[in-house]
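Here is a friendly tour of a ligand site and the pockets of a protein. Take a look at the sequence and structure first.

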Amino acid sequence: MVFQAMVELYEGDRVLNGIGSGVWVCGSARTKPGTKNYELGVEVGAALAAAGFAVFTGGGPGAMEAANKGAKQNGGVSVGVGIVLPNEQQFNLELTIKFLCKYFFIRKVLLTKHTEALVVLPGGNGSMDELYEVLTLVQTKTIPPRPIVLVGRKYWKRVDAFSRKTMLPNGMISLGDPDLVKVVNTVGEVMDLMPKHAAS
Ligand SMILES: C/C(=C\CNc1ncnc2c1ncn2[C@@H]1O[C@H](COP(=O)(O)O)[C@@H](O)[C@H]1O)CO
(Lines give C-alpha, C1' and ligand atoms only; values in the text may rest on other atoms or scores of the structure.)
Protein backbone atom coordinates (compact mmCIF):
# COMPACT_ATOMS: atom_id res chain seq x y z
CA MET A 1 0.00 0.00 0.00
CA VAL A 2 2.79 2.47 0.87
CA PHE A 3 4.48 1.98 -2.49
CA GLN A 4 1.17 2.25 -4.39
CA ALA A 5 0.33 5.48 -2.56
CA MET A 6 3.75 6.92 -3.37
CA VAL A 7 3.30 6.08 -7.06
CA GLU A 8 -0.16 7.67 -7.03
CA LEU A 9 1.20 10.85 -5.46
CA TYR A 10 4.07 11.01 -7.94
CA GLU A 11 1.87 10.35 -10.99
CA GLY A 12 -0.82 12.78 -9.85
CA ASP A 13 1.73 15.48 -9.22
CA ARG A 14 3.16 14.96 -12.71
CA VAL A 15 -0.30 15.27 -14.34
CA LEU A 16 -1.27 18.38 -12.35
CA ASN A 17 2.04 20.25 -12.49
CA GLY A 18 2.09 23.33 -14.68
CA ILE A 19 -1.69 23.89 -14.79
CA GLY A 20 -1.26 27.31 -13.19
CA SER A 21 -3.36 29.06 -10.56
CA GLY A 22 -6.09 26.75 -9.34
CA VAL A 23 -9.05 26.90 -6.99
CA TRP A 24 -10.49 23.78 -5.37
CA VAL A 25 -14.29 23.77 -5.40
CA CYS A 26 -15.98 21.13 -3.28
CA GLY A 27 -19.60 20.47 -2.38
CA SER A 28 -22.22 17.77 -2.30
CA ALA A 29 -21.95 14.84 -4.71
CA ARG A 30 -25.78 14.68 -4.44
CA THR A 31 -26.58 18.16 -5.76
CA LYS A 32 -28.94 17.65 -8.70
CA PRO A 33 -28.81 19.50 -12.03
CA GLY A 34 -31.52 22.14 -12.21
CA THR A 35 -31.38 22.96 -8.50
CA LYS A 36 -30.33 26.31 -7.02
CA ASN A 37 -27.16 24.81 -5.59
CA TYR A 38 -26.20 23.25 -8.93
CA GLU A 39 -26.67 26.60 -10.71
CA LEU A 40 -24.59 28.24 -7.97
CA GLY A 41 -21.81 25.74 -8.69
CA VAL A 42 -21.95 26.45 -12.43
CA GLU A 43 -21.76 30.19 -11.76
CA VAL A 44 -18.85 29.81 -9.35
CA GLY A 45 -16.94 27.65 -11.85
CA ALA A 46 -17.62 30.11 -14.67
CA ALA A 47 -16.53 33.13 -12.62
CA LEU A 48 -13.32 31.42 -11.50
CA ALA A 49 -12.51 30.45 -15.10
CA ALA A 50 -13.22 34.01 -16.28
CA ALA A 51 -10.72 35.24 -13.68
CA GLY A 52 -8.08 32.86 -15.03
CA PHE A 53 -8.26 30.11 -12.41
CA ALA A 54 -8.27 26.43 -13.23
CA VAL A 55 -11.21 24.85 -11.41
CA PHE A 56 -10.21 21.72 -9.48
CA THR A 57 -12.80 19.34 -8.05
CA GLY A 58 -13.09 15.74 -6.96
CA GLY A 59 -14.26 15.06 -10.52
CA GLY A 60 -17.54 13.46 -9.44
CA PRO A 61 -21.23 14.31 -9.79
CA GLY A 62 -23.30 17.05 -8.14
CA ALA A 63 -21.59 20.26 -7.08
CA MET A 64 -18.29 19.00 -8.52
CA GLU A 65 -19.84 18.53 -11.95
CA ALA A 66 -21.54 21.93 -11.70
CA ALA A 67 -18.30 23.80 -10.99
CA ASN A 68 -16.43 21.87 -13.69
CA LYS A 69 -19.25 22.60 -16.15
CA GLY A 70 -19.13 26.34 -15.47
CA ALA A 71 -15.37 26.36 -15.97
CA LYS A 72 -15.47 24.31 -19.18
CA GLN A 73 -18.36 26.29 -20.68
CA ASN A 74 -16.40 29.46 -20.06
CA GLY A 75 -13.30 28.13 -21.87
CA GLY A 76 -11.43 27.46 -18.63
CA VAL A 77 -9.32 24.59 -17.38
CA SER A 78 -11.57 22.07 -15.64
CA VAL A 79 -9.71 19.55 -13.51
CA GLY A 80 -11.09 16.43 -11.83
CA VAL A 81 -9.05 14.49 -9.29
CA GLY A 82 -11.35 11.52 -9.09
CA ILE A 83 -11.62 8.66 -6.65
CA VAL A 84 -12.40 4.99 -7.16
CA LEU A 85 -15.65 4.36 -5.27
CA PRO A 86 -17.79 1.20 -5.33
CA ASN A 87 -20.75 1.54 -7.72
CA GLU A 88 -20.13 5.24 -8.36
CA GLN A 89 -19.41 7.19 -11.52
CA GLN A 90 -15.72 8.12 -11.33
CA PHE A 91 -15.66 11.19 -13.54
CA ASN A 92 -18.20 13.75 -14.64
CA LEU A 93 -18.25 14.71 -18.32
CA GLU A 94 -17.13 18.32 -17.79
CA LEU A 95 -13.38 17.80 -17.39
CA THR A 96 -10.49 18.92 -19.54
CA ILE A 97 -7.86 17.27 -17.28
CA LYS A 98 -8.39 14.23 -15.09
CA PHE A 99 -6.49 12.02 -12.68
CA LEU A 100 -7.96 9.05 -10.84
CA CYS A 101 -6.93 8.19 -7.27
CA LYS A 102 -7.36 5.05 -5.23
CA TYR A 103 -6.52 6.77 -1.94
CA PHE A 104 -8.61 9.61 -0.46
CA PHE A 105 -5.63 11.02 1.43
CA ILE A 106 -3.47 11.25 -1.69
CA ARG A 107 -6.32 12.97 -3.49
CA LYS A 108 -6.57 15.58 -0.73
CA VAL A 109 -2.81 16.16 -0.83
CA LEU A 110 -2.92 16.65 -4.61
CA LEU A 111 -5.93 18.98 -4.50
CA THR A 112 -4.39 21.02 -1.69
CA LYS A 113 -0.95 21.22 -3.27
CA HIS A 114 -2.18 22.31 -6.70
CA THR A 115 -4.66 24.97 -5.60
CA GLU A 116 -4.46 28.24 -3.72
CA ALA A 117 -8.01 28.70 -2.43
CA LEU A 118 -10.90 26.48 -1.32
CA VAL A 119 -14.53 27.23 -2.16
CA VAL A 120 -17.07 25.03 -0.39
CA LEU A 121 -20.59 24.78 -1.79
CA PRO A 122 -23.34 23.26 0.36
CA GLY A 123 -22.32 19.67 1.09
CA GLY A 124 -22.15 16.76 3.50
CA ASN A 125 -19.45 14.73 5.24
CA GLY A 126 -17.07 14.66 2.27
CA SER A 127 -17.21 18.43 1.95
CA MET A 128 -16.74 18.86 5.72
CA ASP A 129 -13.73 16.52 5.58
CA GLU A 130 -12.17 18.61 2.81
CA LEU A 131 -12.99 21.89 4.58
CA TYR A 132 -11.40 20.79 7.86
CA GLU A 133 -8.41 19.18 6.12
CA VAL A 134 -7.45 22.51 4.54
CA LEU A 135 -8.51 24.58 7.56
CA THR A 136 -6.35 22.52 9.93
CA LEU A 137 -3.34 22.87 7.64
CA VAL A 138 -3.81 26.66 7.48
CA GLN A 139 -4.57 26.98 11.21
CA THR A 140 -1.41 25.08 12.13
CA LYS A 141 0.60 27.09 9.55
CA THR A 142 1.56 23.83 7.84
CA ILE A 143 0.66 25.50 4.55
CA PRO A 144 0.59 29.23 3.76
CA PRO A 145 -2.70 31.05 4.42
CA ARG A 146 -5.29 30.74 1.67
CA PRO A 147 -8.89 31.86 1.19
CA ILE A 148 -11.39 29.32 2.55
CA VAL A 149 -14.89 30.35 1.51
CA LEU A 150 -18.20 28.73 2.43
CA VAL A 151 -20.91 29.67 -0.04
CA GLY A 152 -24.48 29.87 1.28
CA ARG A 153 -24.97 31.74 4.59
CA LYS A 154 -28.17 29.94 5.50
CA TYR A 155 -26.61 26.51 4.93
CA TRP A 156 -23.28 27.16 6.68
CA LYS A 157 -24.32 29.52 9.50
CA ARG A 158 -24.26 26.81 12.18
CA VAL A 159 -20.75 25.71 11.22
CA ASP A 160 -19.60 29.31 11.58
CA ALA A 161 -21.53 29.68 14.86
CA PHE A 162 -20.04 26.45 16.25
CA SER A 163 -16.57 27.80 15.70
CA ARG A 164 -17.35 31.26 17.18
CA LYS A 165 -19.76 30.33 19.99
CA THR A 166 -18.59 26.90 21.07
CA MET A 167 -15.00 26.15 20.01
CA LEU A 168 -13.65 29.66 20.75
CA PRO A 169 -15.20 30.29 24.21
CA ASN A 170 -14.21 26.77 25.26
CA GLY A 171 -10.60 27.49 24.36
CA MET A 172 -10.42 24.89 21.60
CA ILE A 173 -9.29 27.39 18.96
CA SER A 174 -7.53 30.76 19.05
CA LEU A 175 -9.03 34.24 18.71
CA GLY A 176 -8.37 34.73 14.99
CA ASP A 177 -9.23 31.18 13.95
CA PRO A 178 -12.94 31.66 13.16
CA ASP A 179 -11.94 34.32 10.65
CA LEU A 180 -9.85 31.83 8.68
CA VAL A 181 -13.17 30.79 7.11
CA LYS A 182 -15.37 33.32 5.33
CA VAL A 183 -19.08 32.69 4.84
CA VAL A 184 -20.61 34.41 1.81
CA ASN A 185 -23.78 34.34 -0.26
CA THR A 186 -22.93 35.46 -3.78
CA VAL A 187 -20.50 34.62 -6.55
CA GLY A 188 -19.28 38.22 -6.46
CA GLU A 189 -18.35 37.83 -2.79
CA VAL A 190 -16.50 34.59 -3.61
CA MET A 191 -14.50 36.34 -6.31
CA ASP A 192 -13.67 39.30 -4.04
CA LEU A 193 -11.91 36.84 -1.72
CA MET A 194 -9.87 35.05 -4.39
CA PRO A 195 -6.16 35.75 -4.96
CA LYS A 196 -5.68 38.60 -7.41
CA HIS A 197 -2.90 37.24 -9.59
CA ALA A 198 -4.52 34.38 -11.58
CA ALA A 199 -4.80 36.04 -14.97
CA SER A 200 -1.40 37.80 -14.80
C1 LIG B 1 -22.94 9.74 -3.20
C2 LIG B 1 -22.85 10.00 -4.66
C3 LIG B 1 -21.69 10.00 -5.33
C4 LIG B 1 -20.34 9.80 -4.68
N5 LIG B 1 -19.29 10.12 -5.63
C6 LIG B 1 -18.23 10.90 -5.37
N7 LIG B 1 -17.37 11.06 -6.39
C8 LIG B 1 -16.30 11.86 -6.22
N9 LIG B 1 -16.02 12.52 -5.08
C10 LIG B 1 -16.85 12.35 -4.04
C11 LIG B 1 -17.98 11.54 -4.14
N12 LIG B 1 -18.63 11.57 -2.96
C13 LIG B 1 -17.91 12.39 -2.14
N14 LIG B 1 -16.85 12.88 -2.79
C15 LIG B 1 -15.85 13.84 -2.23
O16 LIG B 1 -16.39 14.48 -1.09
C17 LIG B 1 -16.98 15.74 -1.44
C18 LIG B 1 -18.47 15.63 -1.45
O19 LIG B 1 -18.92 14.91 -0.33
P20 LIG B 1 -20.40 15.17 0.21
O21 LIG B 1 -20.49 14.27 1.39
O22 LIG B 1 -21.33 14.80 -0.88
O23 LIG B 1 -20.46 16.62 0.57
C24 LIG B 1 -16.52 16.10 -2.84
O25 LIG B 1 -15.88 17.38 -2.86
C26 LIG B 1 -15.58 14.99 -3.22
O27 LIG B 1 -14.24 15.36 -3.19
C28 LIG B 1 -24.15 10.30 -5.35
O29 LIG B 1 -24.18 10.02 -6.69
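Predicted model: local features only at pLDDT ≥ 70, side-chain atom pairs only at ≥ 80, totals over all residues.

**Around the ligand**

**Polar contacts and cover**
- Gly 124 uses a polar backbone atom, 2.6 Å from an oxygen atom of the ligand.
- Arg 107 places a polar side-chain atom 2.9 Å from a ligand nitrogen atom.
- Glu 88 has a polar side-chain atom 3.4 Å from an oxygen atom of the ligand.
- On its own the ligand has 610 Å² of accessible area, and the protein covers 83% of that.

**The largest pocket**
- The largest pocket holds about 550 Å³ of space and is lined by 26 residues.
- Gly 27, Ala 29, Met 64, Leu 85 and Gly 126 lie nearest its centre.
- H5 gives the most to this lining, with 5 residues, while strand E1 (22-26), strand E3 (78-83) and helix H4 (104-113) each supply at least two.
- The lining has 11 polar, 10 nonpolar and 5 charged residues.

**The second largest pocket**
- This pocket has a volume of about 250 Å³.
- Its lining includes Lys 36, Pro 122, Arg 153 and Asn 185.
- Helix H2 (36-50) and helix H6 (153-167) each supply at least two lining residues.

Note on methods: Residues numbered from 1 in each chain as written. Heavy atoms only, no water. Polar contact = N/O pair within 3.5 Å; in protein donor to acceptor, adjacent residues only side chain to side chain. Areas by Shrake-Rupley, 256 points an atom, 1.4 Å probe, with all protein chains shown as cover. 1 Å grid on protein atoms, 1.4 Å probe; cavity = no way out; pocket = protein on both sides within 12 Å on 5 of 7 lines; lining within 4 Å. Points joined across faces, edges and corners; volume = space filled by probe spheres on them. Helix = DSSP H or I, 4+ residues; strand = E, 2+ residues; numbered from the N terminus. Nonpolar A, V, L, I, M, F, W, Y, C, P; charged D, E, K, R; others polar.
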